[in-house]
Amino acid sequence: ARRRLIEEIMSCTAFNALVRTTVPSGRARRLRRALRASSANEGGDASAAADEEPVPPGCSRYAVIIKKPLGMYLETDKQGNIFVAELIPGGAAEASGLINVGDRLLATSAIVFNSSMDYGGVSVKKGEEQIRFSTRGESFDTVMAAISTWPAPRKMKLEFQRCDVVDETNA
């Protein structure tokens, strides 16, 4: 499913047009290379691996279903984890009442197409499949591309992990 998602992202006309118009050409080439490399290095089911990872002590996991625009800024830390950097006031993330700054994104909804049909020289994608796309081991750009496959009017599922901050000065 992950390979199909990456292939879908790479062949998506809207994605490629967005990359061409908003991303400097060098970065666009790196993004496409990263997507291809991620697809080539599939090697196993990353979603299953994330599910098998134990929840660290002091942490909890939760899922939220919200519409796009998500109303939050995501960033990566030094370990490559994607986390919530900021909530946009009045946005969907803040309105959910569940998402906090610092929460780590574990997985997101994404859409892939299983097949296509040729109608008079026009290729039409069909067989839409909704998948869970694990962020573990994926680059920030790949995760953002996966999120972008989800159409704006539909609600999408995001899975997070929140860990309690231990104040070592009072311990």
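Which cysteine does the disulfide join to Cys 59? I looked this up before anything else, keeping in mind that this is a predicted model.

**Entry: the disulfide**
I found Cys 163 as the partner of Cys 59, with an S to S distance of 1.8 Å. The structure holds one disulfide. This pair ties together distant parts of the chain: Cys 59 sits in strand β1 (residues 59-67) and Cys 163 in strand β6 (residues 155-163), 104 residues apart. Then I looked at cover. Cys 59 has a relative accessible area of 16%, so I noted this residue as buried. Cys 163 comes out at 38%, so my note for this one reads partly exposed.

**Entry: Thr 135**
Next I went to the loop between β5 and α6 (140-148), where Thr 135 has its place. Is Thr 135 buried or exposed? I wrote down buried, because its relative accessibility is 6%. Leaving aside residues up to four places away in sequence, I listed its contacts as Ile 82, Leu 105, Leu 106, Ala 107 and Val 143.

**Entry: a nonpolar patch**
Strands β4 (104-119) and β5 (122-134) each supply at least two of the patch residues. I looked at Met 117, which lies in β4; with a relative accessible area of 35%, this residue is partly exposed.

**Entry: the annotation**
Last, I checked the UniProt record, an unreviewed entry, which has "domain: PDZ" over residues 70-109. I noted that this span is 12% helix and 42% strand, and that its end C-alpha atoms lie 13 Å apart.

Terms used: Residues numbered from 1 in each chain as written. Predicted model: local features only at pLDDT ≥ 70, side-chain atom pairs only at ≥ 80, totals over all residues. Heavy atoms only, no water. Helix = DSSP H or I, 4+ residues; strand = E, 2+ residues; numbered from the N terminus. Buried < 20%, exposed > 50% of the residue type's maximum accessible area, 1.4 Å probe, protein only. Contact = heavy atoms within 4.5 Å. UniProt positions renumbered as here; feature names shortened; annotations may be inferred. Disulfide = S-S within 2.5 Å.
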